[in-house]
Amino acid sequence: MTDFSKTIKLPSTKFSMKANLAETENNWIKFWKNNNLYKNLKEESNKFEKFILHDGPPYANGNLHMGHALNKILKDIVCRTKFQSSLDVNYIPGWDCHGLPIEWNIEEKFRKSGKKKNEIDLGVFRKECREFASSWVEKQKEQFSRLGIQSDWSTIYTTMTRSSEVSIVKELLKFLESGELYLGFKPVMWSVVEKTALAEAEVEYKEKISKSIFVKFPVQNISEDLSIIIWTTTPWTIPCNRAIAYSRQLKYKKILILNDYDQKNLKKNDKVIISENLIENFLLQHKVEKYKILEDVNEDELKNFICSHPLKKLGFNFEIRLFPSNHVTDETGSGFVHIAPNHGVEDFEVGLKFGLDNSETVDDGGLYSNNVPFFKGIHVYKADEEVIQQLNKSKNLLSDEDYNHSYPHSWRSKAPLIFRATSQWFISMEKNKLRDKAIQEINNVKWIPASSKNRILSMVKERPDWCVSRQRSWGVPITIFISKKSNQPLIDKEVNAKIISKLDELGIDAWFEKPNDFFLTNKYKSEDFIKVDSILDVWFDSGSSHVFVLKDQGLTKKADLYLEGSDQHRGWFQTSLLESCAIYKESPYKSVLTHGFVIDDKGRKMSKSLGNIILPSDIIKKYGADILRMWVASSNFTEDLKISFESLNRLSDSYRKIRNTLRFILGNMKDWDPREKVSHEGLPELEKYIRHKLYKTNNEVQKNYDEFNFHKTFQIILSFCSQDLSAFFFDIRKDSLYCDSINSISRRSCRTVLKDIFQCLITWLAPIIPFTTEEAFQSWKSEINKTEKISCHLLKFLDLPKIWIEKTLENDWEKVLEIRDAFSYSMEKHRQKKDIKSGLEVKVYIFSKEESYKKVSKNIDLAETLIVSEIEFVENKDKDFDVFPENEKLSIKIKKITGFKCPRCWKTFSSSITKETCYRCDEVINESN
Ligand SMILES: [Zn+2]
């Protein structure tokens with residue numbers, strides 16, 4: 001028999017089936033760089049409207065983790081879709097460079113060389129920090145670029161660039177001049193490990209087991225043995241106690257103890273005072289069975305009591321008085337709260353109101369100061385046991401128990417925090433109605449998902465004044481002078497202008513290095529002032545980024561989008577909002593999109609101790625960045641995102657489907673000549689239908705991209721590739737593509753539409769898998785159309801012709817697909833019986849009482865669509881017909897044809913044929929000879 005294989009046009013392309021992304025992706029990064037892709041893209045876009053995505057700066061310390069990858073890939077998908085939607089995208093990647101973690105690293109480095117921090121010159125230390133941050137910016141830049149993040153990596157921003165630092169100083173001084181910045185003495189969340197105040201955003205709440213204690217404060221100015229009972233979960237604050245608070249809303253009662261309870265330090269005839277509602281619990285807990293509840297104790301009595309400190313014998317010789325406070329409740333404890341003015345917000349307020357001594361009790365490192373008898377020099381973390389022991393010795397401890405509660409910890413050092421009153425700089429939420437303004441602006445922002453609005457709203461409603469000072473070295477200095485006489489900050493616009501101009505000239509280190517008169521104007525004597533040596537909260541730095549990245553660069557409009565993890569409602573979204581509302585009277589962004597966190601497949605956080613960390617670099621090495629990006633695109637990012645190697649394997653299968661779709665088109669478009677193109681009117685019904693589908697899908701893809709529904713976009717594209725194309729259109733058209741004459745209208749029509757599909761697919765997929773689309777596009781450019789643009793990433797989304805919408809055709813094809821489903825059902829039965837292998841060897845009989853099925857077969861070639869040899873509609877059915885269970889209107893019979901089987905195209909014909917091949921094949925062969 002003749003070998004016909006050479007007469008068949010099998011697909012051929014250099015775009016390989018196997019991707020090998022881990023290697024090839026690096027070449028595309030080089031390709032984009034060598035071709036100045038981003039510069040070209042920006043130049044081609046500058047006539048369009050701007051779209052500003054302002055990058056929230058990651059911290060310049062350490063290799064990228066999945067959270068970074070997720071965030072930057074989402075941003076990249078947004079930017080790419082906006083470029084493709086004919087917008088001029090402004091996206092400048094940034095880094096947050098000041099702050100504690102870097103400072104620690106450098107301290108550690110010096111410590112290893114035997115130097116303590118106070119032995120190092122501040123300038124040298126800051127220089128080391130700066131270099132350390134720079135080196136991580138460079139490394140992370142490299143790693144982001146490897147993820148396919150499209151940007152001009154030579155144009156970035158950092159919070160430590162001189163222009164940024166000076167801008168930050170300018171913003172701070174605006175707060176000083178407006179009166180919103182004030183120097184306050186207040187309890188703040190204090191880390192004794194980091195020796196600094198922490199911002200709300202730097203605090204995480206974790207379960208902690210503390211000691212809860214009930215303590216007696218003996219009343220000294222009456223003749224009975226009477227005590228006030230307090231309850232606390234921070235025994236270390238007892239040596240800092242100055243008073244007791246009660247509530248005017250509660251009823252207090254005296255209780256007479258009628259037995260000795262030595263272990264509880266309670267004796268027969270002792271009397272204690274407790275809030276009425278807590279008596280029962282108290283007695284139960286202390287196993288006091290013999291007692292008598294006596295009379296009420298009214299406020300006049302409480303006010304007149306003078307208690308002794310429970311540790312009086314150790315030198316705590318002062319009087320303890322009782323004061324009313326609204327923060328006292330009867331939820332737990334005794335209905336009395338002991339007051340350590342320096343170690344709690346409410347305690348501090350009670351202290352201020354009633355003039356309590358608030359001299360320092362705990363120093364910055366967590367040691368009791370010299371003002372505290374007996375305990376001075378002891379670390380508060382280690383004090384609980386000692387305090388409990390001493391209280392017991394003094395017979396004033398009733399009980400101590402382990403107490404499990406949610407307690408603030410430093411998110412960096414993980415150490416538990418304490419409240420400690422210190423002098424700090426605060427931005428007032430009330431002075432110029434900053435809180436009201438921020439709340440008003442929150443309502444003008446589009447929050448995605450919408451539920452995130454309430455989150456930030458409740459945070460802003462409840463937040464305290466913003467503590468912006470830190471007692472550290474690596475950051476932007478608080479460039480303010482304090483008058484020695486008045487202890488008040490110097491607010492003078494001329495001085496501020498001079499400070500700014502000097503720092504602009506020399507850099508902000510000059511603040512630490514130069515003397516007072518270098519910055520002060522002639523009006524002032526330098527010896528009258530002290531330079532503040534605290535630095536700014538890094539959240540003030542990044543909260544001002546909209547100024548030095550956007551406004552300072554002449555961008556007058558608000559950022560269109562901020563896009564970060566949901567933890568930034570507490571962090572960057574909020575600090576940016578406050579900074580901008582205070583100084584510019586509006587929010588810095590139009591919309592804010594938040595995403596969840598990356599967790600493992602069991603829903604657990606990734607952690608070293610669980611050993612479940614997956615790094616972006618692991619995924620890139622094993623699968624390639626495009627698979628990682630597909631994972632991001634296919635996940636619902638509004639929730640936490642699960643990742644595992646199993647799920648990545650499944651995604652690799654989806655990737656192969658998409659890749660093979662591209663490959664099928666490339667292979668079958670070989671030797672494409674634009675003259676082959678068939679006009680829309682001239683296309684067969686199938687091609688028209690596919691164009692109709694393409695039109696609809698193109699709209700859906702763009703709409704979902706626009707609404708940030710990336711996982712839906714991805715599903716639409718994937719299902720289009722696998723169902724509409726591979727399993728349908730391509731399957732049907734293989735015969736025409738491989739066996740028809742190159743001049744045949746059917747093959748030319750098919751290729752006309754394949755070209756449309758390819759162009760759409762590339763633009764749909766480019767934001768998600770930029771490496772693969774580039775590879776496919778370059779094959780296209782070299783094998784099919786040399787006149788294409790340099791890169792697929794310069795393409796725009798397509799606006800397809802409206803004449804492609806074919807509503808009636810869609811209805812017809814619905815009928816055809818119903819027949820196809822019924823046929824597949826019957827065919828599957830035969831395949832199982834193994835009496836039929838291929839549809840090409842059968843004739844299909846269709847029976848239906850409904851005319852519409854027969855009607856569609858007039859315009860649409862049903863045999864071709866089902867990929868069978870013959871079709872016949874019959875008026876009657878016999879017992880060999882299968883009723884299709886899902887649509888009983890249709891019955892199908894499949895009959896094997898024993899006739900002529902064409903050796904070239906494998907179609908079977910019941911009529912006899914005298915030639916070696918079927919007529920079609922015969923013509924094609926003769927034509928090429
Ligand atoms: Zn044939």
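Partly exposed, as I use the term here, lies between buried, under 20% relative accessible area, and exposed, over 50%. The model I am reading is predicted.

**Entry 1: Asp600 and Arg604**

I looked up Arg604 and found a relative accessible area of 33%, so I put it down as partly exposed. Its salt-bridge partner is Asp600, at 2.8 Å from N to O. Asp600 has 4% relative accessibility and therefore counts as buried.

**Entry 2: Lys693 and Asp724**

I next checked Lys693 and Asp724, whose side chains form a salt bridge with N and O 3.5 Å apart. Lys693 sits in helix α21 (residues 685-706) and Asp724 in helix α22 (residues 710-739), so this contact ties together parts 31 residues apart in sequence. Lys693 is partly exposed at 25%, and Asp724 is buried at 17% relative accessibility.

**Entry 3: Arg472 and Glu103**

I counted salt bridges over the structure and got 67. One of them joins Arg472 to Glu103, with 3.1 Å between the closest N and O atoms. This pair connects distant parts of the chain, 369 residues apart: Arg472 is in the loop between β20 (469-470) and β21 (481-483), and Glu103 is in helix α4 (residues 100-112). How accessible is Glu103? I read 0%, so Glu103 is buried. Arg472 is buried too, at 12% relative accessible area. I also noted that Glu103 and Arg472 belong to one network with Glu107, Glu108 and Arg111, joined by salt bridges that share partners.

**Entry 4: a four-stranded sheet**

I traced an open sheet of four strands with mixed pairing, in the order β13-β14-β9-β15. β13 (306-308) and β15 are the edge strands; each has a single partner strand, so one side of each has no neighbour in the sheet. Neighbouring strands here are turned by 35° against each other on average, direction ignored. β13 and β14 (residues 319-324) run antiparallel and are joined by three bridges. I looked for the partner of Ile306 in β14 and found Arg321.

**Entry 5: the second largest pocket**

I read a volume of about 990 Å³ for the second largest pocket. The lining has 33 residues, and Thr232, Thr233, Thr234, Glu346 and Asp347 are the closest to the pocket centre. Elements that give two or more residues to the lining are β8 (226-232), β15 (337-339), α9 (345-354), β16 (397-410) and β17 (418-427). Which element gives the most? I found β16, with five residues. By residue class, I noted 15 nonpolar, 15 polar and three charged in the lining.

Key
Residues are numbered from 1 along each chain as its sequence is written. This is a predicted model: local features need pLDDT of at least 70, side-chain atom pairs count only at pLDDT 80 or more; totals for chains, interfaces and linings use all residues. Side-chain values use heavy atoms; hydrogens and water are left out. On a 1 Å grid over the protein atoms alone, a cavity is a set of points where a 1.4 Å probe fits but cannot get out, and a pocket is an open set with protein on both sides within 12 Å along at least five of seven lines; lining residues have an atom within 4 Å of a point. Grid points are joined across faces, edges and corners, and a volume is the space filled by probe spheres set on the points. Ala, Val, Leu, Ile, Met, Phe, Trp, Tyr, Cys and Pro count as nonpolar, Asp, Glu, Lys and Arg as charged, and the others, Gly among them, as polar. Two strands pair if DSSP finds at least two bridges between them. Axes are lines fitted to C-alpha atoms, for helices over the stretch in contact, and angles run from 0 to 180 degrees between N-to-C directions. A salt bridge is a side-chain nitrogen of Lys or Arg within 4 Å of a carboxyl oxygen of Asp or Glu. Buried means under 20% relative accessible area, exposed over 50%, partly exposed in between (1.4 Å probe, protein chains only).
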